[in-house]
Amino acid sequence: MRTTQFHLQTRKETPADAEVISHQLMIRTGMLSRLGSGLYNWTPLGLKVLRNIEKIVREEMDKAGCLEMIMPTIQPAGLWEETGRWDKYGDLLLKIKDRAGRDFCFGPTHEEVITDFARKEIKSYKQLPITFYQIQTKFRDEIRPRFGVMRAREFLMKDAYSFHLSTDCLKETYAKIHQAYCNIFERIGLTYRPVEADSGEIGGTGSHEFHVLAESGEDAIAYSTGSDYAANVEKCEVLAPTKPRPEATQELEIVDTHHKKSITEVADFLSISPKKLIKTLLVEGVDGPVALVLRGDHELNEIKANNLPEVAAPFTLLEDDAIKKVALCDAGSIGVKDLNCTIIVDRAVTIMSDFVTGANENDKHLTGVNWERDASYGQVADLRNAKAGDPSPDGKGKIKIARGIEVGHIFQLGDTYTQSMNAVVLNEQGKSQHMTMGCYGIGVSRVVAAAIEQNHDEKGIVWPQQIAPFTVAILPMNMKKSERVKQAANDLYNELKALGVDVIIDDRKIRPGVMFADAELLGIPHHITIGDRSLDEGEVEYKSRKEMENVRIKQSDIVGHIQSLLEA
RNA sequence: CGGGGUAUAGCGCAGCCUGGUAGCGCAACUGCUUUGGGAGCAGUGGGUCGGGAGUUCGAAUCUCUCUACCCCGACCA
């Protein structure tokens, strides 16, 4: 490609509304332009990267035996009513009507469509197992789209769906796709982790997320220092403490804590550690309110709470008036002593003694509280988020926390959808049987942003070679004046192009500084500078975008040099 | 959804308080000079001042209203 034949529109200034670095760089390079909230144009430059990722994804899916197809983006409401998701999916679902007033939605995902397809097409166990996939645009009406294509409303997704007769067969395909995903992120050149995940709204049993590690990640990942264990913090189990509960040494006392409400305020006021406090959260329960009790410095894990049978889904904290009814005081002074509702305590709370809790009376707290003597709880559960230093759930090593960007998620769905949509096949005995399903997603457009988050420096993007918009940039110095430079640059350009290298030559009549700055901003992995200065010695200059060091190379060796770099 | 903020040339912003028909930097275009790290000089083009209504002789500026976009919020217990 010649720069003058391409659409290259870089910016020096960072747009005001771009928060994260990937968004800023995607705008500055001109890969992306915004059309509306969460809606973006992919320019020819940006599309090249997107297509490179798509190609790798497609190749690995094909290799894993998956079959590509395309499904409509617009889906009839009827299918969503069958699974109950027309209402359950909530406002994320963009609903539209056609001219006849019939209801449709813009597909945020395609379980309904594929299950409908499967129930029409798959009649016999002999056709199983089978996996279909597509790479296409989805729309989710996100509460708050942000960070450019990281959380856009319209985005490009690869989604795959597998169908099976048995759970064992599902597990086999699941493992195969797990491996395909590892291959994909490996090939793209990203530092990633597959982590155990909560299967959430979609339902089913096994589930893994694939995270690209980056500080700006929206998710926290817990991983072990002593094994391969890795899980989303939402999912990471916190083991019961092994230490015994210390003996009570203090007498129960009621203290006036004035207007101190939060854990930190009360701890500061009493000059003790938040670890000596417990916090009591009142939530909606299935059968009346439920109190969830945590150590002061611990964080409630809402997913874990939501999964408790006693807690009403979706997880909801009680409103102020309801709190007053149960605890007889305002939030801020709730405590476990004589609290008239189901009390579920976190594992860590069971070994606390001489602790501080709200007195169920405004502006009062109790100190020197001890279990059994002063208060009791109904049951114990794992309620809190794992944190650095906790023992790993598999017993090996300790937990560390990293930030990750979720770029893939695979689920063993089971028969949730095939039951509700009645997707059956005849088994070997000639009997009707519901198929069991798996589903597997990759946020293709999000991978672009994640790759930038992980690979950039102060000059711009540093693309992993496999997905770079161009592999090699030829930067001729003063080509308009020096016939010799022009000749050498064009010869090299043609030679690399003939070898199938995705090369761009900057043939604009611009000053060298601009040329260098653009090539660096764009993050092209290999730069070749050609100027009279080095040509005098029969040489050109090579610079790797990553290393940023100029190396003189004989003109006759440069093609071979590039080839060896590309093979590596 | 609740709270806050913004909307003026492609981008980043000033002007608004105190009303008089719009300006700066970057980008773009032309010319000359410059030519190995985002150049200099001279010039040019480009704006229904987010939409609508109102007040006024006169509105980017004041009032009302609508819309779009951005930020924060679901851990006070």
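Buried means under 20% relative accessible area, exposed over 50%, and partly exposed in between, using a 1.4 Å probe and protein chains only. Before we start, note that this is a predicted model, where local features need pLDDT of at least 70, side-chain atom pairs count only at pLDDT 80 or more, and totals for chains, interfaces and linings use all residues. Residues are numbered from 1 along each chain as its sequence is written, chains are lettered from A and ligands numbered from 1 in the order in which they are written, and side-chain values use heavy atoms, with hydrogens and water left out.

**Exercise 1.** Is glutamate 372 buried or exposed?

Solution. Step one: find glutamate 372 in the loop between strand 18 (364-369) and strand 19 (379-381); strands (E, at least two residues) and helices (H or I, at least four) are DSSP runs, numbered from the N terminus. Step two: read its phi, near 75 degrees, a positive value in a residue other than glycine. Step three: apply the cut-off; with a relative accessible area of 67%, glutamate 372 is exposed.

**Exercise 2.** Work out how helix 11 (residues 444-454) is covered.

Solution. Begin with the count: 10 of its 11 residues are buried, and the helix is mostly covered. Then look at the names: the buried residues include Arg446 and Glu453, along with Val444, Val447 and Ile452.

**Exercise 3.** Which residues are closest to RNA strand B, and which elements supply the surface near it?

Solution. First, the residues: 42 surround RNA strand B, the closest being Thr280, Leu300, Ile323, Glu520 and Glu541; near means that a heavy atom of the residue lies within 4 Å of the strand. Next, the elements: strand 14 (278-283), helix 13 (512-522), helix 14 (532-535) and strand 29 (539-544) each give at least two residues, and helix 13 has the largest share, seven residues.

**Exercise 4.** Which atoms of RNA strand B lie by the side chains of glutamate 13, glutamate 302 and arginine 511?

Solution. Start with the bases: a polar side-chain atom of arginine 511 lies 2.5 Å from a base oxygen, and one of glutamate 13 lies 3.2 Å from a base nitrogen.

Key:
Polar contact = N/O pair within 3.5 Å; in protein donor to acceptor, adjacent residues only side chain to side chain.
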